[in-house]
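Please find below a note on the model under discussion, written as numbered points for a colleague who will want to check each one against the coordinates.

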Amino acid sequence: MNQGIDLKSSGAIVLALIDIINENRAYLSEIDGAIGDGDHGINMSKGFSQCREALLAKAELPGLAEALDTLAMTLLEGIGGSMGPLYGSFFMGLSEALAGHAQLDAALFGKALAQGVEAVESVGNAKVGDKTLMDTLIPARDAYQAAIAGGADFPAAIAAMLEAAEAGWRSTKDLQARIGRAARLGERSIGVLDAGATSCFLLLQGLGKGVVSRLA
Amino acid sequence: MNRVINHPDLVVEDMLKGIVAAHPELQATPDNPRVIKRSCAPVAGKVGIVTGGGSGHEPAFLGYVGENLVDAVAVGEIFSSPTAKSFFDAMKAADGGQGVACLYGNYAGDNMNVKMAIKMAERAGMTVRTVVANDDVPSAPKGDEAKRRGVAGEILMWKTAGACAALGGSLDEVIAVAQKTIDRTRSIGIGLSSCVIPAAGKANFHIEDGKMEVGIGHHGEPGTNVADTVSAEQMAKIMVGTVLPDLPFGRGDRVAVLISGLGATPLMEQYILYSGVEKALSEAGVTVAVPLVGNFFTSLEMMGVTLSVLQLDEELEKLITHPCASIGFNRK
């Protein structure tokens, strides 16, 4: 139960997150185009790419906490709309929880996830069922915490988190948007995945995989 | 669609180049091209007035940076909130040591980015207070005013608060004037056609020929109903009939009236509407003390009009008639 990963040498997890967003740029914009303005992938890719430049400009790749902080700040500076502050807050919450720690273990991961979600809730008003990234994020946090409470080890808890994140993301297809620009479409927003919920699942998946691969 | 642009992804950047080239009294801040400020800002000893919002609403928001108006503005992508950093940089550019009033409209993205910007500003030791415009009546029912969007009434708020700050008002006084102005302002829009964001390349939404969307928002947010088009005089009655009972305005009130085209409605038609609005108000015993007609707050090339009515008192009438100079609003 005492498994953890070294934070200082794990900054590359953020580079992997950037790759995931860039690889899915067209897919995310396509989903957004169905019920939004079609720029989710473009905006996210723009912000995450700026983070890569900022990270590569440093003398050496920083640890995970600092890399997440760089990601948060570049998103806050680089992309406006709603995604800049929402993802900026999420990654800042994660980073602040990890700061000052050498090891990321199951308990600290749970704390960071909770702090990230809390930071998102402090800027946005969306709830589960509104067809937003919260439909991915909240079930993911809850499932992780439930797994830990039930005695699961770190990799099993992450697996539970990703399973719930995926189910939450897929649930947005049948939801009617109640917040954000897609709310204009009313019932016509049903039948299409939410772009924010999609990028959120992809990012959690990247984060989970990055941690689990380093535990092995 | 035929357009006068260089590249659809760069319309905001290219517009800003033209704005600062044409207006030496305006400039971008040295470290953030998405902040436009008065060249003389910050004005020492004056409360700074800041706003910001998505592009595509020109002359809003940057067209209200000027003398006795707004000091600095954060500029977003088309119909998309500026970044938190841009709002923060605008606050810095406007801060003359007496605090900053950030006066913006009620949209999810703007609310979030301003909230984050205020955190940054507090960390930098600045004092920033906000007033959030929510003048659009059809966007939420009475009793739920906090959910309403901010539309062209924002201009009236910038005008009175800007005058108050220029006349030496404290941050408390400026905030109180801005809040009072928006609390006494009611607006409504009617949309007749959609608009195309250049980078998206397709219409944002659709309005059938021969139909009008009553209560439409500045980004095509849904109205309260879609109806067959009617005469300008009938539109005026619908619009006045929506805003008057909501405050409510009463007989003997003196008001400022702002009619704005949404981008593609000719000034001729805006004046045809004004004539109807003036008549409907006068029949309700309301006197127009300050009429404003023109493209004050647009939505790209959307066809349609908005009406905003501000119930004046002695203080607000003095502030709204105070001289000002900017791209969007001039008064001698």
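Predicted model: local features only at pLDDT ≥ 70, side-chain atom pairs only at ≥ 80, totals over all residues.

1. For chain B, the UniProt record, in an unreviewed entry, lists residues 7-329 as "domain: DhaK".

2. Chain B has 8 helices and 12 strands in its secondary structure. Its radius of gyration is 19 Å, close to the 20 Å given by the globule rule for 332 residues, and chain B is therefore as compact as a globular protein of that length. The C-alpha trace of chain B spans about 50 × 50 × 35 Å along its principal axes.

3. Of the 332 residues in chain B, 59% are buried. When contacts between residues at least 6 apart in sequence are considered in chain B, 72% of them join residues at least 24 apart.

4. Two cis peptide bonds in chain B deserve a check. One runs from Ala41(B) to Pro42(B), with omega near 0 degrees, and Pro42(B) sits in the loop between β2 (32-38) and β3 (48-55) of chain B. Another joins Leu247(B) and Pro248(B), with omega about -5 degrees, and Pro248(B) lies in the loop between α6 (232-246) and β10 (254-261) of chain B.

5. Positive phi values in residues other than glycine also call for a look. Lys131(A) has phi near 70 degrees; it is found in the loop between α6 and α7 of chain A, and its relative accessible area of 2% makes it buried. Asn68(B) has phi near 60 degrees and is found in the loop between β3 and β4 (72-78) of chain B. Because buried means under 20% relative accessible area, Asn68(B), at 17%, counts as buried.

6. Which residues does Gly124(A) contact, leaving aside its neighbours within four places in sequence? The contacts are with Leu86(A) and Met112(B). Gly124(A) is placed in the loop between α6 (106-123) and α7 (134-149) of chain A, and it counts as buried at 16% relative accessibility. Gly124(A) and Leu86(A) are 38 residues apart in sequence, while their C-alpha atoms are 7.0 Å apart in space.

How values were computed
Residues numbered from 1 in each chain as written. Chains lettered and ligands numbered in written order. Heavy atoms only, no water. UniProt positions renumbered as here; feature names shortened; annotations may be inferred. Helix = DSSP H or I, 4+ residues; strand = E, 2+ residues; numbered from the N terminus. Rg over C-alpha atoms; globule rule 2.2 N^0.38 Å. Buried < 20%, exposed > 50% of the residue type's maximum accessible area, 1.4 Å probe, protein only. Contact = heavy atoms within 4.5 Å.
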